[in-house]
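Open the model in your viewer and keep the selection panel at hand. The stops below are meant to be taken in order.

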Amino acid sequence: MTENSFFNNDYESSRDHFRNQLSSIAKIRQDAYLDTYYIGDREDDNSVDILASDASSRKTLLTITAGEHGIEGYTGSALLSMFIENFLPHLNPETTGLRLVHSVNPWGMRHCRRVTENNVDMNRNYLLDFSQLRDRADNEYEKHKSLFNPEAPIQNLNKQNSFLLSYLQKNLTEKELERLKNTPGGQYKYPQGVFYGGSVMEETTRQLADRYKEWAESYDHIVHIDLHTGGGPMNELTMIFMDGDSRSASELQKSLGRKNVSKTNNEDVSGDSVEFLQKMIQTVYPEKRSVFALFEFGTIEESTDGYLFCAKAMINENQLHFEGARFSEDEMSVRNDFTRLFNPADKTWQSSIFKEAEKGFRSLLKSENLI
Ligand SMILES: [Zn+2]
């Protein structure tokens, strides 16, 4: 198959394609099964689907999750298919168990938003205790809150964009703009604002965390990859490892043979999912070895223009969701920008990230002795 045939542009086709891969996995692993659970009302038909298989001698569990940020799940789903075709046959079914998770945030994927039905960014929602954060937004957010909190419909997108760009350039430093693109801090005060982390654990957050603990229980070695799009340099894979990994960024670069590898520096970020899951595993099962990584596939260049485009796309999409737009051309244009940022249709982009993903999967699986 060519990489372009892995991409589907609606939630149900993408999910069908994923579910149908059970038959090819079952040829290699007889115990393979599809586990499906629903988020929200059953009739809304928003499901998290997991292709699962357990090893007879349970040594390593490999988990790959996609679509935590809804719309990013289209690329995630394509990369899961590529993984099933190119890597799964090389894993040892006797020692390596699998959980491949399609669309962790199915409502967001179906509606092409990053967030859940409650406007919550799941990657800021992995918290056991919200009491410290409730009603908190950082100073930057408070200072510019009129930008991030929608108050009225989009009247004239061209005018709004010129205002946004000049405001952002005048009032935010390059570093602040970069953070908005790559590591926005999250806020817990404005439920209709951008980067909202919620006030309780979302249903889908809780479900995944609970299941994860069960999946890991009987394995000694846990390897987790969470697939995202939008952050980091354009057309490249950035592999991000957590605080819980004792290796430095340069040690990781060396052992993976890749340059674009970093460690999280999440002092100002709460509720990060990969960090939460790794800490949970390290706390509940201190004897297990765990390697947790977030794979970011960059869509927009790392430059002032790229940062401004990203901020504009996020702010406008959120405003469109809550307040709508006066003109349908403006609505279309906002949706196009958002798609370009998180689910580009560009074939060159799709090809380059497939190559990057191949290299990224291979380097991590090799360094963990799985292939
Ligand atoms: Zn993401």
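This is a predicted model: local features need pLDDT of at least 70, side-chain atom pairs count only at pLDDT 80 or more; totals for chains, interfaces and linings use all residues.

The tour goes through the domains, then their contact, then the metal site.

**Stop 1: where they touch.** Now select the residues in contact: domain 1 supplies 15 residues and domain 2 supplies 15 residues. About 1,200 Å² of area is buried between domain 1 and domain 2, and carbon and sulfur atoms account for 50% of that area. On the side of domain 1, pick out Ile-71, Arg-113 and Arg-114, which lose the most area to domain 2. Together these residues make up 41% of what that side buries.

**Stop 2: polar links across the contact.** Six residue pairs are in polar contact between domain 1 and domain 2, counting residues at pLDDT 80 or more. Sorted by class, the side of domain 1 touching domain 2 holds five nonpolar, six polar and four charged residues. The two domains share one salt bridge. Show the side chains of Glu-317 and Arg-113: they form a salt bridge, with the closest N and O atoms 2.8 Å apart.

**Stop 3: the zinc ion.** Which protein atoms are the donors of the zinc ion? Select His-69, Glu-72 and His-228: the donors are ND1 of each histidine and two OE atoms of Glu-72. They lie 2.1 to 2.6 Å from the zinc ion. Along the chain, the donors are spaced as H-x2-E-x155-H.

Terms used. Residues are numbered from 1 along each chain as its sequence is written. Side-chain values use heavy atoms; hydrogens and water are left out. Contact means heavy atoms within 4.5 Å. Buried area is the accessible area (1.4 Å probe) that two parts lose on being put together, summed over both. A salt bridge is a side-chain nitrogen of Lys or Arg within 4 Å of a carboxyl oxygen of Asp or Glu. A polar contact is a pair of N or O atoms within 3.5 Å; within protein, one must be able to donate a hydrogen and the other to accept it, and residues adjacent in sequence count only if both atoms are side-chain atoms. Ala, Val, Leu, Ile, Met, Phe, Trp, Tyr, Cys and Pro count as nonpolar, Asp, Glu, Lys and Arg as charged, and the others, Gly among them, as polar. Donors are N, O and S atoms within 2.8 Å of the metal (3.2 Å for Na, K and Ca); water is not among the atoms, so sites may look incomplete.
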